[in-house]
Amino acid sequence: MNYTLVMNSLVMNNTHKGKHYRNYTVELEIINIASLKTKELVTILIDESAPETGVVREGTPGSPDIDYTSDWNVTINWEGFIDHESGVKFYRLGLSNSCLNLELLWHPNYNESTIQYHDTEQQSMHVAINSGEKLYASVIAFNNALEPSKVACSDGIMVDESPPVFTNVSILNLKTSPSVACTDGAFWYVTEDLKKTNITCNRACSISDTLINVLPEFVSSTLPDEVCNLNSLNNRYLYLGNDFLDISWNIEDFESPIEHVSIGIGSSESSIQYPDIVGYSKSHYNTVYRLRHPGLAQNSVVYVFIKGVNKANRETVISVGPVIVDETPPLCLTKPLVELTKESVIVSWTKDTFKDNDQRGTISKIYLRIGKLFYTIFYIYHTIYY
Ligand SMILES: [Ca+2]
Ligand SMILES: [Ca+2]
Ligand SMILES: [Ca+2]
């Protein structure tokens, strides 16, 4: 047997003495022909007010809101949805590339592929993100009378799987021998102050040099003869004439902002995770870093690591090295020989005449001038690198 209780019938009859938000108890008494009775009580709570709205955040409950992540699975949490009368029965979460309105949450359109709907009694939910766009979490709470609250929407979250990209990495006064490098099938001429310009070499590019990608590029009209035969930049010694690191760079990330850039110095390339000479320290400005007298000359070889981390916690580390900090000038061990002929002055020396205790390889440039009271200008003699 069904009995429908019309809730406004007492009001219509003007016999209504109750208040909103109170329990109403309906007593049913059934008597059979033998005068046996059964009583049933039905309690109905009237709740005319919707739940109060709370706040929604990305991240685990109790931790700060996150806006960027490299993980396609993320926890959404919410709090503050309260219903004093009937309590919250369940929550509905909608994930979309914009905040959803109440109608779209109250009456979900499950055919809409750009919206994910989830119903839960919990105050957090682990969800899989299926979009590379910024996503917003919208939540409503239903009370036990199935009235929905207003919508609370998060400030959004974005998945960024790609690390930041460095360009124009430069260390003041860092020198090397002019070299050739190749990466991704392209050849580059690298000057002694570590700038690169694109060249064409008639061979396959077999070694890939990661440093070459981040060096500053310039356009050159003049190139050395037989530029393709220069030694490879790969693992070539780089020289710094003083114990002062002045590093500059550019860093970019298309999807998420840069969190910080840190510099570390290690004695080997394998110390890239935990540099053993100077541990990673943050650069205050995200494009320059200066370190005076870190005592690098005591080490035979150092590697400078530049680490960039984005807001999604993805990192790129650039290794610059091997660097030799050479604070001592070259030595002249034997006197150069000077001969006079009819037309010329011939100055000669051997490869053992000049020596540098710190530098590996030959002396790269020798300057000479002639005179007694009056001197000529300096002439530059370049040693041959190939
Ligand atoms: Ca209520
Ligand atoms: Ca957020
Ligand atoms: Ca990225």
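User: Hi! Of the 386 residues of the chain, what percentage count as buried?
Analyst: Hello! In this predicted model, 23% of the 386 residues count as buried. A residue is buried if 20 or more other C-beta atoms lie within 10 Å of its own, exposed if 12 or fewer, and partly exposed in between, with C-beta atoms placed from the backbone. Residues are numbered from 1 along each chain as its sequence is written, and chains are lettered from A and ligands numbered from 1 in the order in which they are written. Local features need pLDDT of at least 70 and side-chain atom pairs count only at pLDDT 80 or more, while totals for chains, interfaces and linings use all residues.

User: Thanks! How many helices and strands does the chain have?
Analyst: There are 2 helices and 29 strands. Both are DSSP runs numbered from the N terminus: helices (H or I) have at least four residues and strands (E) at least two.

User: And is the chain spread out or compact?
Analyst: Its radius of gyration is 38 Å, well over the 21 Å that the globule rule gives for 386 residues, so the chain is more spread out than a compact globule. That radius is taken over C-alpha atoms, and the rule is 2.2 Å times the number of residues to the power 0.38. Along its principal axes, the C-alpha trace spans about 150 × 45 × 35 Å.

User: What domains does the assignment give?
Analyst: It gives domain 1 (8-45), domain 2 (55-159), domain 3 (177-234), domain 4 (237-327) and domain 5 (331-382). These bounds come from an automatic or database domain assignment. The C-alpha centres of domain 3 and domain 5 lie 29 Å apart.

User: New topic: how many residues are in the largest nonpolar core?
Analyst: That core has 35 residues, and those with the most contacts inside it are Ile 247, Val 304, Ile 306, Val 320 and Val 323. A nonpolar core is a set of buried Ala, Val, Leu, Ile, Met, Phe, Trp, Tyr and Cys residues joined through C-beta atoms within 7 Å. Strand E22 (302-310) is one of the elements that give two or more residues to this core, and the largest share, 5 residues, comes from E22.

User: Where does this core lie?
Analyst: It lies between domain 3 (177-234) and domain 4 (237-327), because both give residues to it. Apart from it lies another core of 19 residues, including Phe 81 and Leu 135.

User: What about the sheet with E12, what is its strand order?
Analyst: The order of this open sheet of 3 strands is E12-E18-E21, with antiparallel pairing. E12 and strand E21 (288-292) stand at the edges with a single partner strand each, so one side of each has no neighbour in the sheet. Two strands pair if DSSP finds at least two bridges between them, and here 5 bridges join E12 to E18. Ile 171 has Ile 247 in E18 as its bridge partner.

User: Which peptide bond is cis?
Analyst: The bond from Gly 321 to Pro 322 is cis, with omega near 0 degrees, and Pro 322 lies in strand E23. Most peptide bonds are trans.

User: Last one: is Phe 218 buried or exposed?
Analyst: Phe 218 is exposed, because it has 12 other C-beta atoms within 10 Å. Phe 218 sits in the loop between strand E16 (196-199) and strand E17 (238-240). Leaving aside neighbours within four places in sequence, Phe 218 is in contact with Lys 195 and Thr 197, where contact means C-beta atoms, placed from the backbone, within 7 Å.

Definitions and conventions
Two residues are in contact if their C-beta atoms, placed from the backbone, lie within 7 Å.
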